[in-house]
Amino acid sequence: MRSWLLVLSVGLFGCPASHRYAQLIRREASPPPVTVFRDVRVFTATDTIALEHHDVRVEGGRITAIAPTGLDVTGARVIEGAGKTLVPGYVDFHAHLTGSPAPPWAVAWPDEDHNGRALLASGVTSVMDVGGEVDKLKALWKRQGDPSWLGPRFTYSGQIVSLRDGYPTSMVKILYPWPASALADQRFSGPVSNPLEASAAVDWRLHHGAHHIKLAIASVPLNAQTMPPELVSAAVKRAHEKGVKAVAHTDSAVHALRAARAGIDALMHGIHLGELTVADAQELKAAGVVVSPTLVVFDRAEQLVQFRFAPTEVERRLYPESFLTPFSPDVARTKTLDPQLMEWLGKLQEDHDKRVAAVKTLYDAGVPILVGSDAAGSIGCLAGGAFLDELRLLSLAGIPNADVLRGATVLPARFIAGPNADFGTIEAGKRADLVLLDGDPLADITVTSRIANIMQGGVLIEKVD
Ligand SMILES: [Zn+2]
């Protein structure tokens, strides 16, 4: 059925583009037994302050010592850190490794290997995948120990548990012509109609190795039906019975609260339709949810429809020109999108200031803010580049840089792997996933993009020109 759809869609609508992606990175050929980052500023992420003039020793893929500079470096490889800052490897809380961020008028074959390389080249050493075909993700997950996988370590949720004909089906249908829409829908949606099906959908994903469950409670287009509370509750309850977390794509305060009241663990987007009151934020805090605002998702969508999409310098290195050209104002101006989608995009632009303010309201209420970029999952969210841009947008929204960095490291690590996560912090005994930055990100958030070195599990990731 799947290949039949594929052949028909290719026949009717032309072949999705294949791009020639650059290699970008490689693992160093023979990592020495010991590496010392010498005389460096260390942001451990266990705190909001940095340690000045410290040495960090790495051995056997783990961090083995952090001490004021002066560690014995006999026989060790030394990486000089003066003026630089060592931070934990970044964790993208919202990625789609098997997706593509291409615009609907230039559909591209998803390329998970390029997505992985682009993320890792941006310092992202771990991600949480929150939507994709579960079998494809299971196969990819098995490649993690294999040298052929050059990308972040990850966990996955598989297809999104969604209301039959609700989002994402409702969006895919207006974004792509049939049968391409059916194909895309099959990749992302897992439609359910009643609590029994919602519960069974959770079991099916877990049976296929999923590590968490993702739900969708969103109005795209604006008149789309959304998942009623009893279905949300059934899915979340089943996930928790099975010992896994449940996360949700939500848009408005109403939907965020519906998810929170059902016991959801994380909201994968901020409040981007309508307003969030202080009382709402306090309720979300009391419910114990974490929120990933993904400001970059809405920023990129606005840029595209306002004909001012401009890939960052990082993105121009990560993606070939053939991939980026369809986003350009000259091309975008010649395209039309479905009126229902334009209506949603109009509302998004109207609520621009409200969604930025909501981030600060949540932060002030004590809700943990986690950094997610929707890498390769939303149009224009280029893997790696969108993550670095999200750090900048969160800082602009009023989150102190130290908390932006904690939201990009320790907070998602602990959400994914529990309080004893062996990544996300710089502490003795933890996995040596590290990023060396040229400058001080606590003083200037854009320093997070000025990457001097990336280390994953004690192995340096080298740039390939
Ligand atoms: Zn997403």
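I start with helix 15, residues 352–364: at 1.5 Å a residue its 13 residues should span 18 Å, and the end C-alpha atoms lie 19 Å apart, which agrees. The expected span here is 1.5 Å times one less than the number of residues. Helices (H or I, at least four residues) and strands (E, at least two) are DSSP runs, numbered from the N terminus.

Some housekeeping. This is a predicted model, in which local features need pLDDT of at least 70, side-chain atom pairs count only at pLDDT 80 or more, and totals for chains, interfaces and linings use all residues. Residues are numbered from 1 along each chain as its sequence is written, and side-chain values use heavy atoms, with hydrogens and water left out.

Back to helix 15. Its buried residues are R355, A358, V359, T361 and L362. Buried means under 20% relative accessible area, exposed over 50%, and partly exposed in between, with a 1.4 Å probe and protein chains only. The cover over these buried residues includes helix 9 (278–287), strand 15 (290–291), helix 10 (295–305), helix 14 (339–350) and helix 16 (385–396). After helix 15 comes G366, with a positive phi near 95 degrees.

Next, helix 14. Its twelve residues should span 16 Å at 1.5 Å a residue, and its end C-alpha atoms are 16 Å apart, which agrees. L341, W344, L345 and L348 are buried in helix 14. Seen down the axis, the buried residues fall within an arc of 95 degrees, so they line one face of helix 14; the arc is that of the directions from the helix axis to the C-beta atoms. P339 and E350, on the other side of helix 14, are exposed. The buried residues of helix 14 pack against helix 4 (169–175), helix 10 and helix 15, where contact means heavy atoms within 4.5 Å.

Now the metal. Which protein atoms are the donors of the zinc ion? They are NE2 of H94, NE2 of H96 and OD of D374, lying 2.0 to 2.3 Å from the zinc ion. Donors are N, O and S atoms within 2.8 Å of the metal (3.2 Å for Na, K and Ca); water is not among the atoms, so sites may look incomplete. Along the chain the donor spacing is H-x1-H-x277-D. H94 and H96 are both buried.

On to the rings. A search of the whole structure gives eight aromatic pairs. Rings of Phe, Tyr and Trp (its six-membered ring) pair if their centres lie within 6.5 Å; planes under 30 degrees apart count as stacked, over 60 as edge-to-face and the rest as tilted. F93 and F415 have ring centres 5.0 Å apart and planes at 90 degrees, so this pair is edge-to-face. The pair links distant parts of the chain, 322 residues apart: F93 is in strand 7 (residues 90–95) and F415 in helix 18 (residues 410–417). F93 counts as buried at 0% relative accessibility, and F415 is buried at 9%.

F323 and F327 form a tilted pair, 6.2 Å centre to centre with 40 degrees between the planes. Both F323 and F327 are buried. Ring pairs link Y21, F309, Y319, F323 and F327 into a cluster.

One last item on F415: the charged end of K245 sits over its ring, 4.3 Å from the centre. The criterion is NZ of Lys or CZ of Arg within 6 Å of the ring centre and within 35 degrees of the ring normal.
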